[in-house]
Every structure is written in structure tokens, then in C-alpha cells.
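User: Hello! I am new to this structure, and I would like to get to know it through a few questions.

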Amino acid sequence: MMKSKRPTVLTLSLLLVLVLSAIWALPTLATDGDLPPIVKQRVSTSLTRTFHWTIDKSADQSQVTLSTGEQRLVNYSVTVDAAFADTDWAVAGNIYVWNRTADPLTVTDVSDVISPDIVPSLECSYGLPYELSAGWILPCTYSTALPDGSNRTNTATALLEDGTTLASTIAVDFAAAAVTEIDECIDVYDDNVGFLGTVCASEAPKTFTYSLYAGPYDECGAYEHVNTASFVTHDTGATGSDSWTVAVDVPCGGGCTLTPGYWKTHSQYGPAPYDPTWAMIGEDTSFFLSGQSYYDVLWASPRGNAYYILAHAYIAAELNQVNGASIPGDVLDAFNEAGELFNAYTPDEIAALKGKAGKTLRSQFTSLAEILDNYNNGIIGPGHCPS
């Protein structure tokens, strides 16, 4: 069998040995014959990490009622988040067969296996069989794709002419892999605001907040204010978006609303100037089962009694309607439900509420009071009367 000739430039081989010795902190040339030949390895891993982004748009209101010419501030938030998926796992490395004996030896074969049974492509710098002089190193390289990022081992084996087998096993993992990132950053936009900012995966999730006005509208009717946020990724140009719609009702009935504080002071009993709207109800008219007049109930201090909290809002809402203020459907529903409660309970019964059932009923009173109070203050409905 003809053996391959070794290189004639000895100094290049010596330099290679010295470099590898420095890397591995190994002794230099072994020429006294007391060290056996060995196989050494170096390994590196790589993968591709692709980020997939989501966007969520929300606001603190989805439905508002405005009077003509009125605006309402809506507070928006846009949240972007990212998840990633890894692909293209790969491994590459070097195998070195090192003759540390004082005599030449012949390497007949070099092989490599990644657990459990993956055989990478392998190439040595010199053809095999190769006569390896004392102190010399035969370098080889290997590489292959892997099906996933599982922890593995790489076993390199060198077969010598005399039947000796040299082997080395090294861990293959992706803890320190070279990662190629795709779509790790995005630009976020809003069709009403414009560019919101750039977000990278290390910052996710990230929320942008801002406020926009719904309205004004010059004519009554039903409107929709649609606001859309979107993103585009830096690498592939992938996009995503989410929208929030605010339904706007501009009632055609007109009018405006006033608070309980206005109505209690503008009756025939003063102290403020008389508002003749009271004449359409009557200050001294009995208020349901309370045993009191409208005027007395309106001036009664609630002191935590949910009956009076709702009654104040109810009386103002009734006077506002009589005065010509339009009332949205949901407010009218709350107004009618409150009337049913006043036809069923007295102030003393609500004040005496206890236990879970009492808590539920009290909550019903206060929830309706909140709706009617928002109407009276112009938060919903045709709007508050100018002062």
C-alpha cells in the first residue's frame, strides 16, 4: 500500500502544534515516546431563532354619548409581545489526531458520530491513510444539521494501521450556540397617531398609551370611531394589527342636563332662583314609598344609605328629562329599573340591609345611581348645561 507523503515544510507543522498546544494548554512536541497518541475535538453549535409578534389594542371606553359639538377623551393602550421558535440547528467542529509518540504512525481512518446515530460530513486535511510523524497533528473538520436542539454527544474515532483505536467524546449542546435572530425587532404604528416606536424582543411585552378625542360631530346620529394599531417586522416585513371601535351616539332630542345640586337649590324654596321645571313634578309630591316629598328626599343626607344615593340621581334625571334633555336607551333602562326599586323598598329597609343578599341589593342601588349620575353630569347623554 502506498502511503501519502508528509509535507516537507516542517516549520508549518510545528507552528500548528504550538498553536493547538496553547489552545488546549498541552505540552508541545512529545519525542521521548512516553505519551500515547490521542484524538482531540472542538465543537460549536448554531441555530436560527424567529420571533412571532402579537398586538393588542384596547381603550377605557367602547361606547359614548355626546351632544352635538362635544368631544370625549378616550384613553388607548397598545401592547406588543413576542414569542420565538428555533429552527436550523447545526453543529460544526474540528478533530485533531495527535501523534505524541517518538515514532511515526499511520492513520488509516477518521470517523465521527453524533448521538444517537447522526453521521456528519467529515474532511481531513490530508488523504488517508496518512503517515503522521512524531509530534505531528492531522486536522479534520466536520459539520451537519440536527433535527432539534436536544443535548447530544459527539464521538470522534481514529483508526491506526496497527489496529489501535483512538476515540474522544465531547458534549454537544446549544447553551452557547451562535444564534441568528430573525424579526427580533418591530416598528409599531397607529393610524391616528403615527409612529409609536421600535420594540425588540428583549423589551417585550411593551405597552404604548395615548389619548384621542371621540367627536365632535355637528349632526345627531350614530357614529363609529375606529382606531387601528399595527406593526411591521424589520427582517421579513411580517405585519399584524388590531383595532378598537368606539360607538358614538349623538342623540337628536337635544337639551342638556343638570346635577342634583342644581335642582335642590332652584326649587320654589330657594335659595337660588326658581326653575319652573319643578312645577311639572311638584316639590311637595310624594316620592314613592319614602314617606317624604321630592324636595325632602333631595335634601336628605345619604349617610351611606344607598336609597338616598340613588334617589338624588333619579330625581335629577327625571327633572332633566322634563326639562327637555334627551336620554340614551341604557340610561332610560336604568331610570326605569330605579323606579321599580323605589316602588318596592323604603329608605329604612335599604338602610337595614345586611348579609350577602343585602350587599347584592345595595350594589344594585349604587350601580344604577352611577349610571344616572353620569347622565346628570353630562358624561353620557346630551351633555351638561353650560354654567
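Here are some questions and answers about this predicted model.

User: How many helices and strands are there in the chain?

Analyst: Happy to start there. The chain has 387 residues, and buried residues make up 41% of them. As for its elements, the chain holds 7 helices and 15 strands.

User: Which element gives the largest share of the largest nonpolar core?

Analyst: This core has 36 residues, and F287, L310, F342, F365 and L372 touch the most other members. The elements giving two or more residues to the core are helix 3, helix 4, helix 5 and helix 7. With 11 residues, the largest share comes from helix 4.

User: Which residues does L372 touch, leaving out those up to four places away in sequence?

Analyst: L372 is one of the core members that touch the most others. Counting heavy atoms within 4.5 Å as a contact, the partners of L372 are L310, A313, Y314, A317, V331, A334, F335 and A338.

User: Which element gives the largest share of the lining of the largest pocket?

Analyst: Let's look at the lining. About 180 Å³ of space lies in this pocket, and its lining divides into 4 nonpolar, 4 polar and 2 charged residues. Strand 2 (63-65) and helix 7 (355-376) are the elements that give two or more residues to the lining. The largest share, 3 residues, comes from strand 2.

Conventions
Residues are numbered from 1 along each chain as its sequence is written. This is a predicted model: local features need pLDDT of at least 70, side-chain atom pairs count only at pLDDT 80 or more; totals for chains, interfaces and linings use all residues. Side-chain values use heavy atoms; hydrogens and water are left out. On a 1 Å grid over the protein atoms alone, a cavity is a set of points where a 1.4 Å probe fits but cannot get out, and a pocket is an open set with protein on both sides within 12 Å along at least five of seven lines; lining residues have an atom within 4 Å of a point. Grid points are joined across faces, edges and corners, and a volume is the space filled by probe spheres set on the points. Helices (H or I, at least four residues) and strands (E, at least two) are DSSP runs, numbered from the N terminus. Ala, Val, Leu, Ile, Met, Phe, Trp, Tyr, Cys and Pro count as nonpolar, Asp, Glu, Lys and Arg as charged, and the others, Gly among them, as polar. Buried means under 20% relative accessible area, exposed over 50%, partly exposed in between (1.4 Å probe, protein chains only). A nonpolar core is a set of buried Ala, Val, Leu, Ile, Met, Phe, Trp, Tyr and Cys residues joined through side-chain atoms within 4.5 Å.
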